[in-house]
Amino acid sequence: MFAAGLGLALLGACVTPVTETEAVETMTEAQVAMPMPPLTIYHLEGRRSERIVWLMEELEMPYELEYVRGDLGASMAKVRALGHEMPMVPTVTLGDEILVESGAIIETIINRYAPGELTPPIASPDYAKHLMWLHYAEGSLAARLFSDYRAWMANPPKQRSPLVDSEAVVQYSENYLEAHDYFGGAEFSSADIMMWFPLNVATKLNLVDEAQFPKIAAWKTRVEARPAYQRMLEKARPDGIPGMLTPVPQRPPSERG
Ligand SMILES: N[C@@H](CCC(=O)N[C@@H](CS)C(=O)NCC(=O)O)C(=O)O
């Protein structure tokens with residue numbers, strides 16, 4: 001107890017206010033890119049690992065891509081062979097490190113090796129929203145889409161759930177795009193890379209009606225036209241998406257009528 005209290009007291013003594021110039025200098029110092037060790041992306045076509053390929057193409061930085069074309073089982077065997085206790089894609093090897101979780105991989109790559117890229121300036125109003133969408137993509141959007149998918153495949157729904165469901169999480173995304181071109185706000189950002197997969201899943205698995213979300217449809221057209229997205233397709237999805245899940249046969253009635 002005492003030691004902890006003393007530690008806190010010492011820490012408190014060290015926290016002296018900095019001037020604005022000092023703060024800016026510290027932030028500038030933090031913006032220096034580290035040299036990137038060799039990076040390998042373990043991949044399954046049409047899955048979340050496309051995000052990291054797309055990111056590296058946007059950054060125009062080097063990477064190796066590991067997968068067996070058209071064979072999800074063999075691609076997954078490559079992931080398992082790494083011996084990581086959470087075998088999923090994306091898995092990335094970065095020098096001696098093995099990384100999982102696409103959002104964390106993206107933040108690690110940008111913050112270490114491409115600081116400031118694909119990220120709104122930290123003091124801008126877009127920054128907090130960009131970060132929210134970057135995390136929303138997996139934390140709320142994908143989580144609720146796949147939870148509805150499993151439930152609706154097992155028991156076709158007759159009515160909407162009172163909980164936040166697929167339509168609600170997609171509607172929130174649509175509403176933001178009413179006033180913004182990108183999930184990064186004014187400019188394309190890594191949040192857009194994170195949001196593409198679950199928003200595509202939402203319509204392809206028939207969890208929501210595509211026609212009800214015109215802003216999302218226009219955003220998809222916009223981001224899919226990016227040269228880096230096109231290069232990602234050539235390298236990571238040359239033959240389309242193998243082993244697509246079956247779309248749900250029935251959705252609950254829409255809140256939008
Ligand atoms: N939240 C994780 C999800 C990773 C994930 O579930 N990936 C799927 C493919 S899209 C996977 O590895 N599936 C294989 C499995 O679950 O065995 C992320 O964003 O990286």
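In which sense do strand 3 and strand 4 pair, and over how many bridges? Strand 3 and strand 4 (residues 97–100) pair in the antiparallel sense, over four bridges. Two strands count as paired if DSSP finds at least two bridges between them. This is a predicted model: local features need pLDDT of at least 70, side-chain atom pairs count only at pLDDT 80 or more, and totals for chains, interfaces and linings use all residues. Residues are numbered from 1 along each chain as its sequence is written.

**Confidence**
- The chain has a mean pLDDT of 91, and 88% of its residues reach 70 or more. pLDDT is the predictor's confidence in each residue, from 0 to 100.
- Residues 1–14 have pLDDT below 50, and this stretch has zero contacts in the model beyond near neighbours in sequence. A contact requires two C-beta atoms, placed from the backbone, within 7 Å.

**Fold**
- The chain has ten helices and four strands. Helices (H or I, at least four residues) and strands (E, at least two) are DSSP runs, numbered from the N terminus.
- Along the sequence the pattern reads α-α-β-α-β-α-β-β-α-α-α-α-α-α.
- Of the contacts with a separation of 6 or more, 74% join residues 24 or more positions apart.

**Strands**
- Strand 3 (residues 91–94) also pairs with strand 1, in the antiparallel sense over four bridges. Here Y42 stands opposite T91.
- On the strand 4 side, V92 has L99 as its bridge partner.
- The hairpin of strand 3 and strand 4 has two residues between the strands, and G95 takes a positive phi near 60° there.

**Core and burial**
- Of the chain's 257 residues, 31% count as buried. Buried means 20 or more other C-beta atoms within 10 Å of the residue's own, exposed means 12 or fewer, and partly exposed lies in between; C-beta atoms are placed from the backbone.
- The largest nonpolar core has 49 residues, of which W133, A137, L145, M194 and M195 touch the most other members. Elements that each supply at least two of its residues include strand 1 (39–42), helix 6 (125–154) and helix 8 (190–204). A nonpolar core is a set of buried Ala, Val, Leu, Ile, Met, Phe, Trp, Tyr and Cys residues joined through C-beta atoms within 7 Å.
- Leaving aside residues up to four places away in sequence, A137 touches A142, M194, M195 and P198.
- In helix 7, the buried residues are S166, E167, V169, V170, S173, Y176 and L177. Their cover includes helix 6, helix 8 and helix 9.
- A128 lies in helix 6. A128 is exposed because it has 12 other C-beta atoms within 10 Å.

**Ligand shell**
- L44, R47, R48, M88, V89, P90, E101, S102 and E138 surround the ligand. A residue is near a molecule if its C-beta atom, placed from the backbone, lies within 6 Å of it.
- The shell has four nonpolar, one polar and four charged residues. Ala, Val, Leu, Ile, Met, Phe, Trp, Tyr, Cys and Pro count as nonpolar, Asp, Glu, Lys and Arg as charged, and the others, Gly among them, as polar.

**Backbone exceptions**
- Most residues other than glycine have a negative phi, and most peptide bonds are trans.
- A cis peptide bond joins V89 and P90, with omega about 0°. P90 lies in the loop between helix 4 (72–80) and strand 3.
- E60 has a positive phi near 55°. E60 is exposed, because it has 10 other C-beta atoms within 10 Å.
- L118 has a positive phi of about 50°, and lies in the loop between helix 5 and helix 6. L118 counts as buried because it has 21 C-beta neighbours inside 10 Å.
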